[in-house]
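Student: Please take a close look at the salt bridges here, and walk me through them in one connected account.

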Amino acid sequence: MTESLEEFLIARRDTGRLLLVPYVTAGVTPGWTDIVHAYADAGADAVELGFPFSDPMLDGVTIQEASDRAIAAGTTVKGILEEVATLDVDVPLIAMTYSNLVVQQSTAEFCAALTASGLRGLIVPDSPLEEVGELADAAAAEGLDLVLLAAPSSSRARLREITERSRGFVYALTRMGTTGERGEIPEQAVRLGRELKGLTDRPVLFGFGVSNPAQAAELAGHADGVVVASALMRKLLDGARPRELGDYVASIRRALDHGAR
Amino acid sequence: MTTTEGTPLTSADLAGNGVYGNDPDVLGKFGIFGGRYVPEALIPALDEVAAEYDKARSDLEFLREFDHLLRTYAGRPTTLTEVPRFAEQAGGARILLKREDLTHTGAHKINNVLGQALLTKRLGKTRVIAETGAGQHGVATATAAALMGLECVIYMGAVDCERQALNVARMKLLGATVIPVTNGSQTLKDAINEAFRDWVTNVDHTHYLFGTVAGPHPFPEIVRDFARIIGVEARRQILELTGRLPDAVAAAVGGGSNAIGIFHAFINDKSVQLHGYEAGGRGVETGEHALTLTEGSVGVLHGSRTYVLQDEEGQTIESHSISAGLDYPGVGPEHAWLKDSGRATYHGITDAEAMDAFSLLARTEGIIPAIESSHALAGALKLGRELGPEATILVNLSGRGDKDMGTAMKYFNL
């Protein structure tokens, strides 16, 4: 049996490696699966696939633009899953989407379809602890790791529950705000990383505002790694080819390895 | 609740306090609808608003202040007007209008914004943000912010900004900053997305002054409670005037705040039918409508589980209505629950039917209604013919039509 997303990431982390999870919006270009391969070849530890939604509340302008483009091109959940099933990459794939896509049929059917296509993780940013119950059960039943998000504004009690109920890793927001590139490392991110690491042995990855290799490496050092999304999608929307995106991921990989413990 | 005409309402009339029941559960659920489908980052802010509102709704000082503003600033209580010449076209049924068009700023929206602006001050926050479609909620929010010295930022779809330039100017005159939203369809739903993004970023000093009974808990409950005054007054007035309860209450439904506002005081009066009228736009067969409850399906939009206009993939479909205030692909969760429980019935009214009622009320009664409210008027015409001449129908005339003159000029070639 294939190991879970969490087992895979823990094994990698325990070799002293900082984890890197790059993102791509599925369907954003006709050859988007080439981007997944380029990421994997460039040293990604997992790849996050955005299933586009028309109203992505937590995402900034870059991901919204990528999502709009994918939807306009006729991207469907079924179509994405068919392409995912043909992918041959040696790292886990994680779906990221919004609640409305998950509840279209039933959460159980949605999770089953993801696993059947080989996906090993799921992130639903508008499903906080209050709403996550049914989805968490459905994902667990399918062996799909449901990743929960933690925010700088979360209380300690919530952080404890998030670290207990999250699977795969804990997705830590570097700041209050939406996805998008920003420069500096906020103090609140450092604090959140420290608090989460104190609460759990699950990998803790930072996301939101990771915008260059040096910053990614510094941030990753306060937890177990980073998710990089908008910086890559901005390049893609500006015309970057899969190989160039892969090169960029490779440059972040080098920065992380250089800063590894 | 035993106030007589002319005397101010008591605090118990103003906020729910469970008087009428039908409050959502602790998770903000009305049956399966509602809830909090929002990013984790917003949960503490929603908790904070909910906790403060819980205190405010039973704080006599807060309720007195709200009551005072409603009477001395908004112009409450609003009157009830019988419209016999209009009613001739409704099979002779007796039709009474609740005149929210006579409030300051000309629509029921003022009730909610005054309540939430007071709440903002209680929360110790100095800045309010709001979404707006046609600009009515934006203007109301800018008004309350000016009154209470709060910084005000309004998000409005770039397309709407162009269509409603006059309201953009009003908001600016009132001291608000208007930010045109160029994402997505550049209309109301995108303005809501953008306002949520602002809120996540600036939540420490900002309150999101949500404009309708949709969105994550506790907004559907708070906005409803601040709008409840409409029905509380109307129920008392109609009893005084006719000696009995109406047979039916009619209201337009976009997000649903004016409808909940007038429905709520009647929910436990089982003899009173509740009818909501959605925007049928160019007709259901054209696909260009805002028939969320009547044609939509259950989904999750803007933080709430409710009926949504969406394609088979779950992507939100752009709605259409001649009335910008009803042009929204979602609807408040309490309406979804009232529909599924059978307590309220929802119907579609086309642009053409609404404009006919708009013109009819103007010519027969000398009242130019908002096009939103004209959907309820058109519904009342149908309802009257169904229920017969013995029936009494209460209609929420939620706003005045001054803002719609541009649309009317074009539609009627005036």
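Tutor: Let us begin with B:Asp404, which is buried at a relative accessible area of 7% (buried means under 20%, exposed over 50% and partly exposed in between, with a 1.4 Å probe and protein chains only). B:Asp404 forms a salt bridge with B:Lys403, their closest N and O atoms being 2.8 Å apart; the term stands for a side-chain nitrogen of Lys or Arg within 4 Å of a carboxyl oxygen of Asp or Glu. This is a predicted model, in which local features need pLDDT of at least 70 and side-chain atom pairs count only at pLDDT 80 or more, whereas totals for chains, interfaces and linings use all residues. Residues are numbered from 1 along each chain as its sequence is written, chains are lettered from A and ligands numbered from 1 in the order in which they are written, and side-chain values use heavy atoms, with hydrogens and water left out.

Over all chains, the count by this rule is 48 salt bridges. In chain B, a network of them links B:Asp23, B:Arg57, B:Glu221, B:Arg224, B:Asp225 and B:Glu334.

Turning to chain A, A:Glu65 and A:Arg234 meet through their side chains at 3.6 Å, N to O. Because A:Glu65 lies in helix H3 (residues 61-72) of chain A and A:Arg234 in helix H11 of chain A, the pair ties together parts that are 169 residues apart in sequence (helices, H or I of at least four residues, and strands, E of at least two, are DSSP runs numbered from the N terminus). Both partners are partly exposed, A:Glu65 with a relative accessible area of 36% and A:Arg234 with 24%.

Another pair in chain A is A:Lys197 with A:Asp224, whose closest N and O atoms are 2.7 Å apart. This pair links distant parts of the chain, with A:Lys197 in helix H9 (residues 187-199) and A:Asp224 in the loop between H10 and E8, 27 residues apart. Here A:Lys197 counts as partly exposed at 30% relative accessibility, whereas A:Asp224 is buried at 1%.

Salt bridges also join the two chains: 34 residues of chain B are in contact (heavy atoms within 4.5 Å) with 37 residues of chain A, and three salt bridges are counted between chain B and chain A. On the side of chain B that touches chain A, helix H2 (43-56), helix H9 (188-202) and strand E11 (297-301) of chain B each supply at least two residues, and H9(B) gives the largest share, seven residues.
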